Amino acid sequence: MNQFEIRRVLIERGAENDSLSKRIIEKLHNIPIEIVESNDLALREDIEEMDKNSLRLIHYKGEFLKPCPGTRRYICCGYQILNVGINCPMECSYCFLQSYVNQPSLRLFTNLEDKLNVIGEFIDNHPDRIFRIGTGEFTDSLSLNYITGWTDFLLPFFSFRKNCILELKTKTSFIKEIINTRYRKRIIVAWSLNTSRIIANEEGKTASLKERIISAQECQKAGFIIAFHFDPLINYPGWENEYEEIIQLLEKYIDPASIIWISIGSFRYMPDLKWRILRRFPGTNIFNGEFVTGLDGKQRYFKPIRVKMYANLSERLKKWYDNLGIYLCMESDDVWEQSLGWSPKNSSTLSGYLDNRVRLLMPN
Amino acid sequence: MTEKKLLKSSLVNVTVSDIDLKPGPFCMSFNFNLEPLKASIEKFGVINPPYLLKSPDNHFMVVAGYQRLMAVKELGWHNIVCNTLPDAFSLFNALLFNLNDNLIHRQLNNIEKGMILQRLTRFTSTEDIVTNFMPILGIPSNKHQFELFLGLNELEERIKVSVAMERLPIKVAGLMRNIGKNDRLEINDLFTSLKWSFNQQWETIQWIKEIASREGRSIKDIIDSKDIQGVLQNNTMNKPQKVKAIIKRLKFMRFPSLSHAEKLFNKGISNLSLPLGVKIIPPSFFEGIDYRLEIVFRKGEDLKGKLDNLYNLPELERITDFWKGI
């Protein structure tokens, strides 16, 4: 896949002297750079196009490490988000950021490296906890890494900490930088997977399914622990066969023994997101399924449809390898029981289950 | 003291055939009824002379008074006294002149508002229109609304008439822009032949689009299906009943699994022979796991009797499974 085109860099006043700003300016020396004021008050309507060709460098004043907000009344995994930036250069039609982000451009937080000591102190002060941390919630972990060099400082920082892991979630094949480092401990590289049809129609500017799986194979061969996320599953005629094709590719290229976990989640969205998606992607078919209002107010597939999809996929994955750390993302106890045959019952047990996967596959 | 700007125009007797009466660059009239105006002109003449601007080909363009000119043409007049604006009067000013004239004298319909926005785009930036013109037209000042109103100009005459007459809400018309011509005319006819509320139209258009997309059929095909046509041609139903029946049939097509589950659950409940005044309410869309029992009673004795009755119903344990056979 190709690198993304950045047409301009906007540096917000106050971010000029941050280490990441300097690094980015050095890398993008041919791109126009402007010093701008903060645009905290930008109007929602102004960002319909998201302005994904501009990098906006921001001296972030909020907390860098935050628990994943999860969702009300469903079981969540207790993940921590390392907030490196917001927005991503890819164009997934279903992306929740389209209604979550109220400001334009690819927003990168330039004082991240300078604040790592605070995060480190917090993690070190809780030696009994395992922190499962990811950078791939509000952006893609690797899509801009060739510009930001995030992994140059995040990998050494997390690699030496015994009570945490850093998961780099991506839909790219940009693995050269991480493979070239010497850091493997406590680092997980994860790919979001979907059928070739969904990737072609709904995940614009991302790597193909095969590119993602080959990248995972290369990372595995280079000594990384890997993970996969089947999220969002999309229900459409023929989904069973096309999700089966993904598993056949996994069987061909991946050693299942070093997969730490595989999450499964189905497409869900806040009602307002539908209109934003239809404006930006009028040809999308993702709303054709049978959606009902869930307990958290989000639209989800009618429960028996979700159960059928989860059961089908997890049974097939288990046939490949029985110890994959499969879990459901934001689902209810009864859906867990009906589709996987067991349930953690609550978020804290699910958290414990995933912590144990860390202990098992990434012993100190 | 600021000097007042006076508009310099001259009253001229103009031959009607010299006036270009196609809706021109300043026209903002759509779906008007000329009859009352014609009656007034026949009785009192043209009280306010229209304003014209000379075009490069020596014809006259209508700046203000389009409906008056259409009326006199229909009345068979050959000449009319009009105000002609100076040649140096800019086209943008002519548009603003007519806009102000219309804003003072009448209520504009949504198609006319769309026409105004479209005509403004020839002279000024989107930002200027959104910030300075949309508020005076009573449209929320944002780009999305701008595009919505502008898009109305692309719709067919029949649909525009429905919007102008408020039989089709602008938001619903907005959804029609991404649908093919024949399909949207079919939807327009469905919505205008019966009486629908906004919510009913909004839900229905989405369902029809999604059913068509999922099943690889055209919207026309769905509306022409036996199910929908059966309702439309049913002479025993009134219009609101037809709307409800169409929505019910579309819901079944759009949500087949959910509808089937609801049917199974209701059938299971009706087979239970629940005591009178007892209702069992499933979780919304069967998403949660909590069912509710509602008992209507007047006396404690009555309640006790109903509870006894319920206690002895053998099928009660299976109640949450009624819908699970889908």
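Where in chain B is B:Asn48 found? In this predicted model, B:Asn48 sits in the loop that runs between helix H1 (35-44) and strand S3 (51-54) of chain B. Is B:Asn48 buried or exposed? Count the C-beta neighbours inside 10 Å and you get 11, so B:Asn48 goes down as exposed, because the cut-off for that label is 12 or fewer.

Staying with chain B, let's look at how the chain is divided up. Its domain assignment lists domain 1 (8-106), domain 2 (181-254) and domain 3 (260-321). Between the centres of domain 2 and domain 3 of chain B, taken over C-alpha atoms, there are 34 Å.

Now for the place where the two chains meet. Chain B puts 17 residues into the contact, and chain A puts in 16 residues. On the chain B side, the elements giving two or more residues are helix H6 (143-151), helix H10 (198-215) and helix H14 (256-271) of chain B. Of these, H10(B) gives the most, with three residues. Sort the chain B side by class and you find six nonpolar, seven polar and four charged residues.

Over in chain A, there's an open sheet to trace. Its five strands run in the order S2-S1-S3-S8-S6 (chain A), with mixed pairing. Strand S2 (33-36) and strand S6 (85-86) of chain A are at the edges with a single partner strand each, so each has one side without a neighbour in the sheet. Helix H1 (residues 19-27) of chain A packs on this sheet, where it touches strand S1 (8-12), S2, S3 and S8 of chain A. The direction of that helix makes about 155° with the direction of S3(A).

Further into the sheet, strand S3 (residues 54-58) and strand S8 (residues 106-109) of chain A pair in the parallel sense, over four bridges. There, A:Leu57 has A:Leu108 in S8(A) as its bridge partner.

A:Leu57 also turns up in the largest nonpolar core, which has 103 residues. It belongs to the group touching the most other members, which also includes A:Ile188, A:Val189 and A:Ile226. Leaving out residues up to four places away in sequence, A:Ile226 touches several residues, among them A:Ile188, A:Val189, A:Cys219 and A:Ile259. A second, separate core of 57 residues takes you back to chain B, with B:Phe30, B:Val72, B:Ile116 and B:Ile187 among its members.

How values were computed. Residues numbered from 1 in each chain as written. Chains lettered and ligands numbered in written order. Predicted model: local features only at pLDDT ≥ 70, side-chain atom pairs only at ≥ 80, totals over all residues. Pairing = 2+ DSSP bridges. Contact = placed C-beta atoms within 7 Å. Axes fitted to C-alpha atoms, helices over the stretch in contact; angles between N-to-C directions. Nonpolar A, V, L, I, M, F, W, Y, C, P; charged D, E, K, R; others polar. Domains from an automatic or database assignment. Core = buried A, V, L, I, M, F, W, Y, C linked by C-beta atoms within 7 Å. Buried ≥ 20, exposed ≤ 12 C-beta atoms within 10 Å, placed from the backbone.
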